[in-house]
Amino acid sequence: MILVTSITALSLCSLNSGADDRADWPNSMTMGTASQGGTYYIYGSGWANLANQHLGTRIGAEITGGPVQNVSMVQLGEHDFGMVTMGPALDAMEGNSPLLPNDPHSDVRAMFPMYQTALHIVSLEGSGISSVADLAGKRVGVGPAGGTNDEYHPRLFEALGYDVETLQGGASDQAGQLQDNLIDAFAFGAGLPIASFSQLEAQADVNIFSYNEEEIAQILEAFPALSPATVPGGTYRSIEEDIPTVSLWNFAITHKDMPESLVYAIVDVVMSNHEQMLQVHGAAAETLPENIVYNNSIPFHPGAVRWFEEHGYDIPAELDGSS
């Protein structure tokens, strides 16, 4: 009887402690993703649902224009969480966001690494377009306004000397526009495989390609936020061999004022349930603690710092948002 009473007392103490830890957690929260048909929406909805299942939170994923909008919405406190690629994040941290110019995004904090955004391009097989040089003088979809692709593909085409007409739109919409010959190609980048590319090749014969080695060398010299990458053969039914390309890393972000215990709990759920994350999207193969090294500009939230350091991963002093 004494033993039962003691166990009950300990259980009640644990529950009360947990309640105290959660006292400042918001009742409902929003997370910025991107357009439907891209990886952000699938991945973001997935990790939000995983956190909700494990923690009893209410995090809802919202369709947005992508990273450029996401980082500004978090900075303004309009969204509790977001997902961003390192290029737009660095621009925003330095006060060069196209949405909030001259406003350094100093309130944004990183939570955990997601995956690489590998840039690649799809065209219909009958178009005769199978290289970036073939895009000169063509109409090319680059995803939603303010997204990573809208931010980078036009700049890359210009830097390489190709005169390309770029058009903005949702990933699913632009895949449909390509089928209807309203655009000549669709240049995108996201975690692999991109859902809209896979759906497109299931309905039509396509070419999937990216920048060649000479173009990649020029890009890496001109754009230090980009890294060399590969779209592995077999990622899509249409490609058997690896496609060299360039990429940017993606990180989940939040506001500096988000409760430390909440961010710690979310990071723990995502980092500790790798198999469940893989069921969300194959890109989660890169959602690993060691990939925090690919964040070189966004300070980590104190809750994230605590989780990673408890698990043996050092956070550089300049990225320790708890200091």
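Student: What kind of model is it, and how are residues numbered?
Tutor: It is a predicted model: local features need pLDDT of at least 70, side-chain atom pairs count only at pLDDT 80 or more, and totals for chains, interfaces and linings use all residues. Residues are numbered from 1 along each chain as its sequence is written, and side-chain values use heavy atoms, with hydrogens and water left out.

Student: How many cavities are there?
Tutor: There are 2 cavities of 30 Å³ or more. On a 1 Å grid over the protein atoms alone, a cavity is a set of points where a 1.4 Å probe fits but cannot get out. Lining residues have an atom within 4 Å of a point. Grid points are joined across faces, edges and corners, and a volume is the space filled by probe spheres set on the points.

Student: What volume does the largest cavity have, and what lines it?
Tutor: The largest cavity holds about 150 Å³. Its lining has 19 residues, and Ala34, Pro67, Asn149, Phe188 and Gly189 lie nearest the centre. Helix H2 (39-55), strand E4 (108-124), helix H5 (148-159) and strand E7 (185-190) are the elements that give two or more residues to this lining. Helices (H or I, at least four residues) and strands (E, at least two) are DSSP runs, numbered from the N terminus.

Student: Which element gives the largest share?
Tutor: E7 does, with 3 residues.

Student: Switching to open space. What is the volume of the largest pocket?
Tutor: About 260 Å³. A pocket is an open set with protein on both sides within 12 Å along at least five of seven lines. The largest pocket is lined by 17 residues, with Met86, Leu90, Pro224, Ala225 and Asn296 nearest its centre.

Student: Which elements supply that lining?
Tutor: H4, H5 and strand E10 (243-255) each supply at least two residues. The largest share, 4 residues, is from H4. The pocket lining has 10 nonpolar, 4 polar and 3 charged residues.

Student: What sits in the largest nonpolar core?
Tutor: That core has 53 residues, and those with the most contacts inside it are Trp47, Phe81, Phe112, Phe300 and Phe308. Helix H9 (residues 260-272) gives its largest share, 9 residues. A second, separate core has 22 residues, including Val142, Ala185, Ala187 and Ile216. A nonpolar core is a set of buried Ala, Val, Leu, Ile, Met, Phe, Trp, Tyr and Cys residues joined through side-chain atoms within 4.5 Å. Buried means under 20% relative accessible area, exposed over 50%, partly exposed in between (1.4 Å probe, protein chains only).

Student: Strands next. Do E1 and E2 run parallel or antiparallel?
Tutor: Strand E1 (residues 29-32) and strand E2 (residues 59-62) run parallel, joined by 4 bridges. Strands pair if DSSP finds at least two bridges between them. Glycine 32 stands opposite glutamate 62 in E2.

Student: What else does E1 join?
Tutor: E1 also runs parallel to strand E3 (residues 81-85), with 2 bridges. Methionine 31 has phenylalanine 81 in E3 as its bridge partner.

Student: Which unit do E1, H2 and E2 make?
Tutor: A right-handed β-α-β unit. Right-handed means that, with the strands pointing away from the viewer, the path from the first strand over the helix to the second runs clockwise.

Student: Where is the cis peptide bond?
Tutor: From leucine 192 to proline 193, with omega near -5 degrees. Proline 193 is in the loop between E7 and helix H7 (195-203). Most peptide bonds are trans, and most residues other than glycine have a negative phi.

Student: What is phi at asparagine 102?
Tutor: Positive, about 60 degrees, although asparagine 102 is not a glycine. Asparagine 102 lies in the loop between H4 and E4. Asparagine 102 is exposed, at 73% relative accessible area.

Conventions. Ala, Val, Leu, Ile, Met, Phe, Trp, Tyr, Cys and Pro count as nonpolar, Asp, Glu, Lys and Arg as charged, and the others, Gly among them, as polar.
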